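The structure comes first, followed by the points grouped by topic.

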Amino acid sequence: MPAYTTPATLDDALALLASHKGQAMVIAGGTDLIPDLRRGVKCPQALVDISRIPELAHIEMTGEWLVVGAATTFAALKEHLAIRQRVPALAEAASAVGAMGIQTAATWGGNLVQAMPAADGAIVALALEAEARVAEPGGAAWRPVASLFRGPGQSVIDPTRQILTHIRVPLPTSPLDRAQGKRWGSAWRRVGRRDSLVLPILNCAVKLVLENASMPYDPPNLGGQGGVPNLVGQVEVMAEDLIERATIALGPVAPRPFRAQEAESFLAGKPLSIEVFEEAGRIAQRESNPRSSVMRASREYRLAVIPHIVSDALAAAAHRAQVGRRIHESLNQRLSGSVNQQSEGD
Amino acid sequence: MLDALHFSAMAISFTLNGSQVIAQSDPATPLLDVLRGELGLTGTKQGCDHEGECGACTVLLDGHPVRSCLTPLGKVAGREVLTVEGLAGPDGLHPLQAAFVEVGAVQCGYCTPGMLLSAKALLHRTLCPSRPEIIAALEGNLCRCTGYAKIVQAVELAAARLRGDAPHLNAAHAGPRPIGGSALRSDSLDKVTGKARYAEDLTLPGMLHSRVLRSPLPHARLSSSSVLRPSSLAEAGELPGVIRILTAADVPGSNGFAYYSQDEPVLPPAGATLRTIGAPIALVIAESPEQAERALAILQADLEPLPHAFDLDTVLADGAVPIAGEHNQLATWDLQHGDLEATLTASDHCLESCYETAFLEHAALEREALLGYLDEEDRITVIGGCHEPNFQRGYIADALALPPDQIRVIVPPTGGSFGGKQDPWPFIATALGVFHTRRPVRLVYTRRESFDASPKRHPYRVRYRMGATADGRLTGVHVRIDCNTGGYDGHGQYIPNFALTASGGPYRWPAVDGRARSVYTNGPKGGQFRGFGTGQSNFALECTLDELAQELGLDPLDLRLRNAITEKDWSFLGHPVGESLGYREVLEAVRPQYQRFLEEARQWNQSRVGHPLRRGVGLAGMWYRFGKSGSVRIEAHAELAQDGHLIICCSAPDYGQGTNTVMSQMAAEAFGVDREWVEVVNADTALVPYSGIQGASRATYFVGGAVREVSTALRSEVLGTAAELLDCDPDSLVIERDRVIAAGADCRGVSLAEVGGEFDRMGKPRRVAGFFDLASAFPAEIRPEYLPLVVTGAHLADVSVRLDTGEVKVRRMVAAHDVGRAVNPLDAEGQIEGAVLMGLGAALMEEVLPGQTTGLSDYYLPTAQSMPELQVILVEVPSRHGPYGVKGLGEAAMLPSTPAIINAVSRAIGVRLRTIPATPERVLQAIQLAPAQQGCYAGPRTRNAGGS
Ligand SMILES: Cc1cc2nc3c(=O)[nH]c(=O)nc-3n(C[C@H](O)[C@H](O)[C@H](O)COP(=O)(O)OP(=O)(O)OC[C@H]3O[C@@H](n4cnc5c(N)ncnc54)[C@H](O)[C@@H]3O)c2cc1C
Ligand code: FES
Ligand code: FES
């Protein structure tokens, strides 16, 4: 049997893996796997390329779910108009991965299976409460993305046997939500040693669900310098709203992609205010246990910055929840540049 | 390593540049290797170790830009691949290629193929890309030369043309004369089509591959019984394909290159001490790189680890681990004039400061790559990028104990250097391989190896005591500079002089007490780096002046103007400078923008009290000495070819900065023909005279001077002979295209080819030598060791800083330089733009941590996203001695950018940053350590923040 196959269907792919009895491995974009092969970290005898299986590269929005084939590239995610509008944190996280020439190959599924503690795709998936569909010869099942990670670089998915086929994200504005006056907002914040092609010092994704949200208002000049909207310092106008639920995901602050659950519970039922966000940031800081990295930043720096990026992201999410109508315009601008830049505005 | 890819070969067919091809390889082989190897298409470049970190290898796969180094061959089966070779259509260049050439977006050209393809994919998606969209499309393609500005501009131009709303020739740039008009680079065409053959692109039949066994330890002693453990040597020597394993005993001549690095062996003998990670131990020469690699894995040297230190404090302490030299010191330089202590005591203000910099890596996109072989005259020939082929020839001759005329060094198109490729070691190693095998030998460093073993910019610690009167006149300066030269000399012996020179700047100092020394550590060896030892001091000086201005409550621009020297003044060096000086003009040139930036930042900050984002504006100046030491007589040759075109022979290697073009422009101007009529033969020791050592900034002035002289001389020979043929007065003749014609109505003329024929009949040589000689301007008796030729410049930076995270964004910069005369304004701008970004890297991100840094994944070079909005101002205060009024530029332009940015950040956060790079962590630390009253940060954000 050839050492490199490119099956056209999921069933064929699973069958190929099975026939190699653990000696063949899935390859999607190869951006992690090829370097691992060179280093001898992984030594499969054959590769099964899943990137040409149509259903695995499909993006679909049903009423309640965004369903993404696991072999979808980050380039496809960040350019998808509906994702940019309705799940902006996902588009932002996608455009933070490496740089264009990486995003065209790197897949969301590969990012999750590679299971690095600061994987941009994993952090955003956690905050969006995404679920993963894992298929193996006996069948397939959905499970929370949060349950996929075992440790640094270790996933519960065995790519010599199993295939992560889809990732689904509950969509913000279901009709029921709207009827109940709920609004959702997601946001992304990342700090790095430079603006692109760099692994994060810290990354953070959040989702806020508001109840009894007030009418959207027109924010003062959202189009900041460099196309980056200024989302800081504009939140006090939202004070009447209440947070129903919040998610906060952070990396790399633990051996696995991390949810700051204490900070999340603190937020439930709180009003929107900068003090609340800052307090959530401080709680997230207490929950986090980052390590020092000589080439990126020390533990101390990471700890010092966590409260600020968490509150930045919460402020941005709150803002988006309230001004959903306007947000995609500025977001389009923002995504055409880099989302890695600091927020800045006039 | 390479062995990990071990699937059996498959036949994989795909469409390559429109044609069907079949590759027969291991399906996990990176497409890059298949393209460059089996398929022989070398236009696609490799800049990192198949890590996806540089983008040089970008190709289009079904229209999408991908890293070909991470794309396994198996993935392209049945798909379409486009490489740079397939970009041009049947009717000529793709509009992107044309635009890249026209706007000057191509310097060394190593990033160009990848850039073109990333841009092509963008233009396929949209013909109206916004600037942020262009930047996002290119953010994964590193360029070390251009600073990205002209590349972005080229994409805009190409997009406009494809939309049909831009003119087809960028006529605005084409001047009427060869010089002063922005000539298109003579070699860009080959670089945008993938035809240019860099050293790594050349292959010869029977070529062998050389790899280097290097020390993994920072400080270690080799076993005294043998360099390599005999059993490992025997085992490795028997591996298939391994031809030779060379150690110190195989160096026939002197085992060193003392003029460059007085204590560095070519290969260490048994018992030798190895002072850095990456110090070479042995050379393996094999039929294939993989076979050489296998031998490396087997070879073992018995190394006894010794205590080591990377930092200045440890090696300078009493009882410190001895590394080399007396008390670990290599060289010192002193400069004293005036009574410093008295003037400082009498000064109204006296300020102390201490600044520190990091090891920097040149990170030219092309790694060290060389090809050695025996040429048709049996000379040992090495092709490789370097700054002075004649010097390399000399080092090789010494090491091989051969006369220099049996050695030949040729500089091919080179993918950047910035001083890094001045290291003779790889040249000697390559030649040694040819010497022992009599076969062609290729040596290419891995990127990792380049980080470990190539020379670095020296980290400095600069301490100032500086005095001034209350109204801002400088009274005196006390400066002490420690330069970390790493484990070996590598020109560190000359560093103190340059360090000290730059530490005074173009300012009037009534009293000076300066001392600089170079100090050994176990860090990577130091070496030339754009500005050779001056950037670090200038950073410290210009930041300290900013501190002083702040302390005195003076405008930093005024402080500099008040103290700027003129040509007549006694300079910091203790004598006047030897060239016209445009510093005042440069400072005045940035003033309007400076005031605008300041006002905008002030308003922004004022309207957002307590906001976590603060803006700051910084200014910095510089002077840079581009004068020479040693002989000041530079030679070049000119020849009238058979068909009458002009051949210039000189040695001003072009590693991307454009000397080929500049030389042809100067020759054309002097000879009186179009530039197309000039052929430049450059940097081949068998064909051209010795033109003296080149730092990048010296070529235009010195070699350009010789080229002008020789072209002028040949012109008068030509006109004299033509006058005889035409029987008229030589003064009445002009050269027009390929003919000499008599001015006036009768249009009599004779072709240059005919004049050449007449030369032959008369027995007159077609080739003449010319000299640029400054000896009369600077008589030997009064000549300082280095000619005091200086250039000046000033930069502005407008930054924003997040006070709660320490993140810095450089928003805008202005760079003004006195270039004397811009021979090629487009190229001068390009040099400055590239230098500004390199200075930004040094200010904010770049740092080699010995033993930690592995390559481009953790040494952060600026990307297109790092690029500020940049305005370049060329100030032209003509030089007195240089050809056409030119001055040196290439290196100097990097100097002010780092301190301008750091001053801006310091002003924004209200605290002085004294260590670079100013990473987010360092910036945040500075903010947190600042005494409350010093910082302008009003504590944590309050509810009333914002207010916009
Ligand atoms: C230069 C560079 C920069 C990078 N920058 C970033 C960054 O900024 N942020 C970031 O998060 N990551 C970054 N990465 C990492 C990498 O690009 C991502 O992790 C990528 O998403 C991995 O996806 P892939 O499709 O390339 O996976 P592959 O390399 O193909 O596979 C990775 C692993 O997952 C398995 N696998 C893949 N897909 C499946 C599946 N569907 N089912 C089962 N197993 C599967 C494979 O067997 C393999 O073990 C960078 C990588 C490079 C080379
Ligand atoms: S060689 Fe492919 S990214 Fe560097
Ligand atoms: S021109 Fe871009 S790297 Fe040299």
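**Aromatic pairs and a domain interface**

Over all chains, a search of the whole structure finds 14 aromatic pairs. The model is predicted.

**Aromatic pairing**

- Phe451(B) and Tyr859(B) form an edge-to-face aromatic pair, with 5.3 Å centre to centre and 65 degrees between the planes.
- Phe451(B) belongs to helix H13 (residues 447-453) of chain B, while Tyr859(B) sits in the loop between helix H21 (825-844) and strand S31 (869-875) of chain B, so the pair ties together parts 408 residues apart in sequence.

**Domains of chain A and their contact**

- Chain A is assigned domain 1 (4-170) and domain 2 (175-334).
- Domain 1 of chain A brings 29 residues to the contact, and domain 2 of chain A brings 30 residues.
- Between them, domain 1 and domain 2 of chain A bury about 2,400 Å², with 61% of it on carbon and sulfur atoms.

- Five salt bridges are counted between domain 1 and domain 2 of chain A.
- A salt bridge joins the side chains of Arg259(A) and Glu129(A), at 4.0 Å from N to O.
- Across the interface of domain 1 and domain 2 of chain A, 13 residue pairs are in polar contact, both residues at pLDDT 80 or more.

**The domain 1 side**

- Helix H4 (81-86), helix H5 (88-96), helix H8 (120-127) and strand S8 (149-151) of chain A each supply at least two residues of the side of domain 1 that touches domain 2.
- H8(A) gives the most to this side, with six residues.
- The residues of this side divide into 21 nonpolar, three polar and five charged.

Notes:
Residues are numbered from 1 along each chain as its sequence is written. Chains are lettered from A and ligands numbered from 1 in the order in which they are written. This is a predicted model: local features need pLDDT of at least 70, side-chain atom pairs count only at pLDDT 80 or more; totals for chains, interfaces and linings use all residues. Side-chain values use heavy atoms; hydrogens and water are left out. Domain bounds come from an automatic or database domain assignment. Contact means heavy atoms within 4.5 Å. Buried area is the accessible area (1.4 Å probe) that two parts lose on being put together, summed over both. A polar contact is a pair of N or O atoms within 3.5 Å; within protein, one must be able to donate a hydrogen and the other to accept it, and residues adjacent in sequence count only if both atoms are side-chain atoms. Helices (H or I, at least four residues) and strands (E, at least two) are DSSP runs, numbered from the N terminus. Ala, Val, Leu, Ile, Met, Phe, Trp, Tyr, Cys and Pro count as nonpolar, Asp, Glu, Lys and Arg as charged, and the others, Gly among them, as polar. Rings of Phe, Tyr and Trp (its six-membered ring) pair if their centres lie within 6.5 Å; planes under 30 degrees apart count as stacked, over 60 as edge-to-face and the rest as tilted.
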